[in-house]
Amino acid sequence: MNLKIAVLPGDGIGPEVIAQAKKALYAIGEVYNHEFVFEEALMGAIAIDKTGKPLPEQTLNLCLNTDAVLFGAIGDPKYDNNPNAKVRPEQGLLKLRKELGLFANIRPIKPYKSLIDASPLKREIIEGADFTIFRELTGGAYFGAKTLNEEGTHASDLCEYSEEEIARIAHLAFKSAQNRRKKLTMVDKANVLETSRLWRKVVQKVGEEYKDVALDFLFVDNAAMQLILNPKQFDVILTENLFGDILSDEASVITGSIGLLASASLGEKNALFEPIHGSYPQAKGKNIANPIASILSAAMLLEHFGLLKEANVIYKAIEKAIEFKVVTVDLKSDSKFGTNEVGEFVSNFIFSKDDLLYFNNDNVHIGQSTIV
Ligand SMILES: NC(=O)c1ccc[n+]([C@@H]2O[C@H](COP(=O)([O-])OP(=O)(O)OC[C@H]3O[C@@H](n4cnc5c(N)ncnc54)[C@H](O)[C@@H]3O)[C@@H](O)[C@H]2O)c1
Ligand SMILES: CC(C)[C@H](C(=O)O)[C@@H](O)C(=O)O
Ligand SMILES: [Mg+2]
């Protein structure tokens, strides 16, 4: 298969983790005879520094005219700590999501067996948890009208949703539930918010077309608690933009690190793949950021194009990296391995075609060669 992939490394740890995802895709291309053509472009704080804009036209045009986008992370403390900044890195990402029509952000959450103890939650609570969050990505308070009065003393963010915006992601979430354990939990704040009541009404109506899926509802405050108390109860969670953002960071704790969580952002025509974490500026340039979320985002990209065998090789490589403890310090505080070594392990695993992997003397070997 030939795929043109726009790569937006972004800020902070973005370039380091995306380099590892690219390595994995390159190895897949070589081993399975696919041609992946990568083209890099600017977005975020780095784009503001170089062009004055967080999403330059050139980047947007590239993303609109490509098969898929692989995105790292954006954001920089110089903007986070300055509420008066009018131009901000995050505007680039939001504009890109809107322009590409990426209304559904899919965030799978499943702890790895050998990492159960990396989570601060008890084994019996998280073992067997396996769910996916469908987060609406182009509506809600993120995109509604924003105001700030002249004195700078009063501000507002309008939260708006239309029936159509809710229905299109609801269909995707129900279809996903049909292929899983057939349960969909809609999370909202329908006891307070008008938009949430519209969500409930529309989701109930859409649900009539998916009678084999059990639909239930949770208020978001309770959902935040249930995620930690009993995450096994969830199969597919469907929610609006802001709640999905917050709940998915919370859910990452179940897996042991936010550095493990990947996502796919899908629209009618375009697709973007991104880790759920941010630019983690404290780790920039230190070779300590976990690249697994980005590598798994690349695997989701392959899956999106029907390259299931190839995606599974990456999933297996990550499982092996975790099993052999070739992981970054977020997962093992005394680890001697960094971002690059995890990425090397994964690409070596792909090139080795799963050939006799073993561990001795603190090194991982494939066949006769030492790979980390
Ligand atoms: N999609 C995105 O680009 C995105 C997402 C979230 C935040 N941000 C931006 O990132 C900047 C920092 O935000 P933040 O500190 O709230 O969130 P963050 O996700 O960057 O980091 C929060 C914490 O998560 C952990 N973490 C994150 N990524 C990790 C990784 N790959 N490996 C290991 N640990 C990791 C670290 O402990 C870190 O302190 C801000 O400017 C914010 O706007 C961007
Ligand atoms: C950086 C920010 C705009 C973004 C969001 O809130 O959507 C991030 O937190 C995410 O989860 O992708
Ligand atoms: Mg977020």
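The axes of helix H11 and helix H12 (residues 308-323) come within 7 Å and cross at roughly 160°. Anything over 145 degrees counts as roughly antiparallel, so H11 and H12 are roughly antiparallel to each other. Keep in mind as you look around that this is a predicted model.

**H11 with H12**

- If you look at how H11 and H12 cross, you'll find a left-handed crossing.
- On the H11 side, the residues that meet H12 are Ile292, Ile295, Leu296, Ala299, Met300, Leu302 and Glu303.
- Their partners on H12 are Leu308, Glu310, Ala311, Ile314, Tyr315, Ile318 and Ile322.
- Sort the residues of this H11–H12 contact by class and you get 12 nonpolar, two charged and no polar ones.

**H11 with H1**

- H11 (residues 292-304) also packs with helix H1 (residues 14-32), at an angle of about 40° and with the axes 8 Å apart.
- That angle makes H1 oblique to H11.
- Here the crossing is right-handed.
- H1 brings Val17, Ile18, Gln20, Ala21, Ala24, Leu25 and Ile28 to the meeting, while H11 brings Ser294, Ile295, Ala298 and Leu302.
- By class, the contact of H1 with H11 has nine nonpolar residues, two polar ones and no charged ones.

**Around ligand 1**

- Ligand 1 has 20 residues around it, and those that come nearest are Ile74, Asp80, Glu90, Gly278 and Tyr280.
- Isoleucine 74 uses its backbone: a polar atom there is 2.9 Å from an oxygen atom of ligand 1.
- Aspartate 80 uses its side chain instead, with a polar atom 2.7 Å from an oxygen atom of the ligand.
- Asparagine 290 places a backbone N or O atom 2.9 Å from a nitrogen atom of ligand 1.

**Around ligand 2**

- The residues surrounding ligand 2 are Glu90, Arg97, Arg107, Arg135, Tyr142, Asp245 and Ile276.
- Arginine 135 has a polar side-chain atom 2.7 Å from an oxygen atom of ligand 2.
- In the side chain of tyrosine 142, an N or O atom sits 2.6 Å from an oxygen atom of ligand 2.

Definitions and conventions: Residues numbered from 1 in each chain as written. Chains lettered and ligands numbered in written order. Predicted model: local features only at pLDDT ≥ 70, side-chain atom pairs only at ≥ 80, totals over all residues. Heavy atoms only, no water. Axes fitted to C-alpha atoms, helices over the stretch in contact; angles between N-to-C directions. Helix = DSSP H or I, 4+ residues; strand = E, 2+ residues; numbered from the N terminus. Parallel < 35°, antiparallel > 145°, perpendicular 65-115°, else oblique. Left-handed = near helix turned anticlockwise from the far one by under 90°. Contact = heavy atoms within 4.5 Å. Nonpolar A, V, L, I, M, F, W, Y, C, P; charged D, E, K, R; others polar. Near = heavy atom within 4 Å. Polar contact = N/O pair within 3.5 Å; in protein donor to acceptor, adjacent residues only side chain to side chain.
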